[in-house]
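Dear colleague,

Please find below the structure that I am handing over to you. My notes on what was found in it follow directly after.

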Amino acid sequence: MKKRIIALLLCLVLMASFLAGCGGDNSEGGTPTNNSSSTQNTPAGNGGEENKTPENNGDTPAVDTSEPITVSIFQQADDVTMDEVENNPVTLYWEKMFNIDIQWQFPPQGSEQEQLTMMLGTGDYTEVMNLSFSQENLPSLYQDGVIWELSPYLEQYAPNYYAYLNDPANADVRSILYDDDGHIYNMATVQEHPMAWGGFVYRRDILDTMTGGNIAFPSGNSEPTTIEDMDYMLGLMKQYFDNAGMAVSAPLIIPSVGYVSTGEFLNGFGIGALEYLDNGTVKFGLCEDKFYNYLVKMKEWFDKGYLYADFASRTQDMFFLPNTELTYGGAAGCWYGLTANLGGAMSIPDYGLFMDVQPMAAPADTANGVDTPLGILLDSGRTQANSGFAFSKACSEEKLIRLLSAFDWFFTEEGAITRTMGLSAEQGAADYKLYSEQGMTDGARKNGTREWTDFVQHEYTDDNVPNVDRMPGISIQMPPRDTQLVDGVSYEEIGDEVWTKYGNANTYPLTITLSPEDNTRATTLQTQITDYANSMIVKFIMGREELTPESFKAYQDQIHALGVDEYIALKQAAYDAFITR
Amino acid sequence: MIERNTPSRVLFCILNYGLMIGFGFLCVLPFWHVLMCSISDPRLLMGNAGLVLWPLGKPTLEGYKLVLHNPDIWTGYLNTFIYVIATAVVGTVFTALAGYLVSRKNFKLAKPLALFIMFTMIFSGGTIPLYMVVRNLGMLNTRWSIIIPSLMNAYYVIMMKSAFEQISPAYEEAARIDGAKPLTILFKVLLPMVMPTMVVIIMFTVIMQWNSWYQASIYLPKMRNLWPLQLFMREVLINNDTSRIVTSGSEANAMVNMTGNLVKYCVTVVGTAPILLAYPFAQKYFVKGVTMGGVKE
């Protein structure tokens, strides 16, 4: 009898747990569907007649902040501890200013997308969502009734954000954030002046050692600027490594696919890698005629031992951090590096390793008539389509207006400086735990300026000063602190100057988004084209496939057969729509 | 029988022991490598290729200091111990009960129930339905969301079923004649006889729960103070992954976190050492426990 009772109980428990998933409040599980219909009635919805759009009388109505509100925010985890998030002085100051209490929901790092999928799948949205890490299409989320469309509200409730977007100087930002229908779905995070963080670097100390300080580039310049200069430089580097008797060394490291996919270095040959712009026309670098010149040169360097022999096998290396055993071990001469590599930052004096790493701009293929490289660089843009915060339908319209007004402060000069550099003494910095614990009782910056306090400028050693870099608003260009200088030099600025020497006029903006259908098609085409091209490029460079004008023509034909023209057409249409926004 | 040390026997022993020692060395080598890396100079580690058999540069405990000074690690340890003990103790009792039930030949529902349990091994609702079940039972953001779904494992129930089926019915009959009730028969007569299987299930449960982070990442979004150790560890690993530069690509000052490279190794040691130390104590039960369920009378 007892066995039956136990069995019955087990069955009931199992059944109950199955049924539990079927019930639930409609307001939870059914939210996306229900909201979909409610979307039609929202000010931004398609039902324009029922529009509750606030009257536009040109004045900015004062938003009543006397009543405290609580807002839940789904925020991408940062490389800061929870203590630093909950006690962040800038956030606390902002919350106090606008009478808002934030309840953060931080997904575990690495699980952001899963948590977001779970929220979207179950309707358990937070009121505000940071979607900057995700590939979610904001117009689709709006059409599904998940988020608000903000254009009816911005002029009145977020006047600074609105003015910023409508400033002709910020047309690039506007093009990214608005869709083709003139809708906008997020309060973005905008970089005032994004600096290049990586590009090609070379070991100047090797050249000094090999020439006794009398480096004589064929171009007559003091740094490598042409492919002939590279020939000269790589030859010296090869000799240096051979003389040192290093078992494995690499005068030049290139990515495993045989080229930098962002187009850097290839721009010296007058082309990009994948899609790039030529006077507003989209082209595909890997099938351009000039790509042949690149392949010929790479093959020549490979045969001479200038290229890293095992480059093709390093598929796991990131292009900006190639084989660290070689670069950090002192056995590489030239590679795609980072700001953090520049100067003597990679030296280990205790072990007799001194490295002088310098940035270099793209070398021009003058022998083939390219006098000036194309303006192509890794440009992430000043903002991204999904950056900043979107507001879910869990947020009431009243609360939305309060929040827009509050976040708008980060688009004022004072707000932007505060969000990026932190609080001043006058803003009450001493009242906040994170500042007082770190000795910043005078605040992080001087009031009303973009200058650090003396303590932060000269003594503060942490990588970052507590700020709210993930919040919407303008991320201003911060002055370098002493700890960010190498031998008193700001290599961040030097690197940016060199790597952006030729500008980015030929870069196909990374921030251009295609419609979901076009995106799927373009991704499919790109995958099949690059799968073929990458395998052939490596074979050409390593000599496993004969490289002649005829074989290259066959390669080009195959790329066309794989649909590169359709791919270019899709990208061209997206670009044309982008620039007309 | 006394074995003579013939030349062939000596040769066999040398080869045999040599092979075993070599194999053992290969098993230990990855752990040794991680251990040595964790106390190496981070800058030298960055430029090193291949195995690290001795610390590179001057040995340093800098990485361990960073890891162990992180209060999350201790919170994680505490939570993990709670989850491990709860699921190992209660889960094993539940598994034994279920295994006992479905192994009884005179119980009419045994077969359908066993099929029902096996069905869940093959088909599952998926993550979102499971999440909705947990949410609608009110367990979201509570410890129960980690403990309760982990209490029953269909595979372990089948293991227990097989173990019980191997015991001769005579034992149960004898106990019943002596006046024992079903629960007495189960806990005092049969369970001691399937102890190796029980230990294996406990160990499997402990290891699985020790390494578990996914459930917590889904069910505890607002309760960081309830996260298990492995979820914190995962964060530390991701935080110190050099590929993170991509995510902060708009920041010009793209740093290479060399200490972070060291921390990765330290976290691996801190996260695996306790379970590795516990493993040998249960070793003797393993082979017997896993194989005994597979033999029928």
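In strand 10 of chain A, C334(A) is the bridge partner of L252(A). Strand 10 (residues 332–338) and strand 7, both of chain A, pair in the parallel sense over 2 bridges; two strands count as paired if DSSP finds at least two bridges between them. Helices (H or I, at least four residues) and strands (E, at least two) are DSSP runs, numbered from the N terminus.

Before going further, please note that this is a predicted model, in which local features need pLDDT of at least 70, side-chain atom pairs count only at pLDDT 80 or more, and totals for chains, interfaces and linings use all residues. Residues are numbered from 1 along each chain as its sequence is written, while chains are lettered from A and ligands numbered from 1 in the order in which they are written.

The pairing above belongs to an open sheet of 4 strands in chain A, with the order 7-10-6-11 and mixed pairing. Strand 7 (250–252) and strand 11 (357–359) of chain A stand at the edges with a single partner strand each, so one side of each has no neighbour in the sheet. From one strand to the next, the twist averages 40°. Helix 12 (residues 227–244) of chain A lies across strand 6 (198–203), strand 7 and strand 10 of chain A, and runs at about 170° to strand 7 of chain A. Axes are lines fitted to C-alpha atoms, for helices over the stretch in contact, and angles run from 0 to 180 degrees between N-to-C directions. Two residues are in contact if their C-beta atoms, placed from the backbone, lie within 7 Å.

Two residues of chain A deserve a separate note. N99(A), however, has a positive phi, near 55°, and sits in the loop between helix 5 (89–98) and strand 2 (100–105) of chain A. Phi of N279(A) is also positive, near 50°, and N279(A) lies in the loop between strand 8 (275–278) and strand 9 (281–284) of chain A.

Are these residues buried or exposed? N99(A) is partly exposed, with 14 other C-beta atoms within 10 Å, whereas N279(A) counts as exposed, with 7 C-beta neighbours inside 10 Å. A residue is buried if 20 or more other C-beta atoms lie within 10 Å of its own, exposed if 12 or fewer, and partly exposed in between, with C-beta atoms placed from the backbone.

Yours sincerely
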